[in-house]
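Open the structure in your viewer and keep the selection tool at hand. Each stop below says what to select and what is there.

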Amino acid sequence: MRRPFIAANWKMNKTVPEAMDFIYSFLPSVEEVTDADIVIAPPFTALFGIAERLAGTNVRLSAQNVFYEEKGAFTGEVSPLMLVDVGCEYVLVGHSERRQYFGETDDIVNRKIRIAQKNGLNVIFCVGETLKERESGRTYNVLRTQTVNGLKDADVKKLVVAYEPVWAIGTGKTATPEQAQDAHKYIRNTLREVYPGDADSIRILYGGSVTPENVDSLMACADVDGALVGGASLKPDSFEKIVNFTRGN
Ligand code: PEP
């Protein structure tokens, strides 16, 4: 049985005061949760303040992005050393919005994963197909290519994978539990090629319009080990309900 992993991706939302308000109201509602990993990925500007408030709690901090070098003349970028310094334990890499709007290729994703892990960060590695790719029967192929290329020489011990069908992100269209399970199973089989012997212990999260209403049916799937939540993580009460999804036996 893999330990559930529930992560919030706030994307480009919340000022520092808004982020702190969220944290003050959210923390008490999950302080009794001991059977799941809870992670929040705020924008860079809120990391420092939130890190101070999360110290000693059961909620961990993630960044939403990282650069693939440790330091130097890379104006506007943030290095893995800086993320560790500010209190991050995780970083999101390979999110479809980074691939789509910022041209991140599998090679860039792989460089980011390796440098993040080298500096002690755990990576939440996102993969997923577009609607066009799904409709043309290329879902498995895309998932396999992104997984194998992204994880070249990556460290299995510092890794969580997130399956995020691009057509389900921020659209209100969730994959059915059957579609999610099918993709997760395929990804797990692919992980067996990359990490023979370790694939069964890697958590695979589902992301794409997860809500308090649909989380239970998704989490009931054999290979769904958690959720990466965008829109529904912006309000403390809705994210708290997702963290407190109904546990099976
Ligand atoms: C995401 O951005 O990772 C995500 C899953 O967003 P949403 O929950 O809003 O679809």
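Start with the second largest cavity and colour its lining by class: two residues are nonpolar, four polar and three charged. Here Ala, Val, Leu, Ile, Met, Phe, Trp, Tyr, Cys and Pro count as nonpolar, Asp, Glu, Lys and Arg as charged, and the others, Gly among them, as polar. Select Gln-64, Asn-65, Leu-92, Val-93, Gly-94, His-95, Arg-98, Glu-104 and Lys-112 to show this lining. The space inside is about 30 Å³.

Before going on, note that this is a predicted model, where local features need pLDDT of at least 70, side-chain atom pairs count only at pLDDT 80 or more, and totals for chains, interfaces and linings use all residues. Residues are numbered from 1 along each chain as its sequence is written, and side-chain values use heavy atoms, with hydrogens and water left out.

On a 1 Å grid over the protein atoms alone, a cavity is a set of points where a 1.4 Å probe fits but cannot get out; a pocket is an open set with protein on both sides within 12 Å along at least five of seven lines; lining residues have an atom within 4 Å of a point. Points are joined across faces, edges and corners, and a volume is the space filled by probe spheres set on them.

**The largest cavity**

How many cavities of 30 Å³ or more are there? The count is two. The largest has a volume of about 40 Å³. Select Gly-94, His-95, Ser-96, Arg-99, Cys-126, Val-127, Gly-128, Glu-164, Val-166 and Ile-169 to see its lining. Helix 4 (96-101) and strand 5 (122-127) are the elements that each give two or more residues to it. Helices (H or I, at least four residues) and strands (E, at least two) are DSSP runs, numbered from the N terminus. By class, this lining has four nonpolar, four polar and two charged residues.

**The ligand**

Now select the ligand. Around it are 14 residues, and Lys-11, Glu-164, Gly-170, Ser-209 and Gly-230 come nearest. Show His-95: a polar atom of its side chain lies 2.9 Å from an oxygen atom of the ligand. Go to Ser-209, where a polar backbone atom is 2.7 Å from a ligand oxygen. At Gly-231, a polar backbone atom is 2.8 Å from an oxygen of the ligand.

Next, show the largest pocket, with about 410 Å³ of space. It is lined by 15 residues; closest to its centre are Lys-11, Met-12, Gln-64, Asn-65 and Arg-98. Helix 2 (44-54) and helix 4 are the elements giving two or more residues to this lining. Which helix gives the most? Helix 4 does, with three residues. By class, the lining holds seven nonpolar, five polar and three charged residues.

Move to the second largest pocket, with about 320 Å³. Of its 15 lining residues, select Met-1, Met-219, Ala-220, Val-224 and Gly-248, which lie nearest its centre. This lining has eight nonpolar, three polar and four charged residues.

**Last stop: Ser-79**

Select Ser-79, in the loop between strand 3 (59-63) and helix 3 (80-86). Is Ser-79 buried or exposed? Ser-79 is buried, because its relative accessibility is 6%, and buried means under 20% relative accessible area (1.4 Å probe, protein chains only). A polar atom of the Ser-79 side chain lies 3.0 Å from the backbone oxygen of Glu-70.

Methods: Buried means under 20% relative accessible area, exposed over 50%, partly exposed in between (1.4 Å probe, protein chains only). A polar contact is a pair of N or O atoms within 3.5 Å; within protein, one must be able to donate a hydrogen and the other to accept it, and residues adjacent in sequence count only if both atoms are side-chain atoms. A residue is near a molecule or strand if one of its heavy atoms lies within 4 Å of it.
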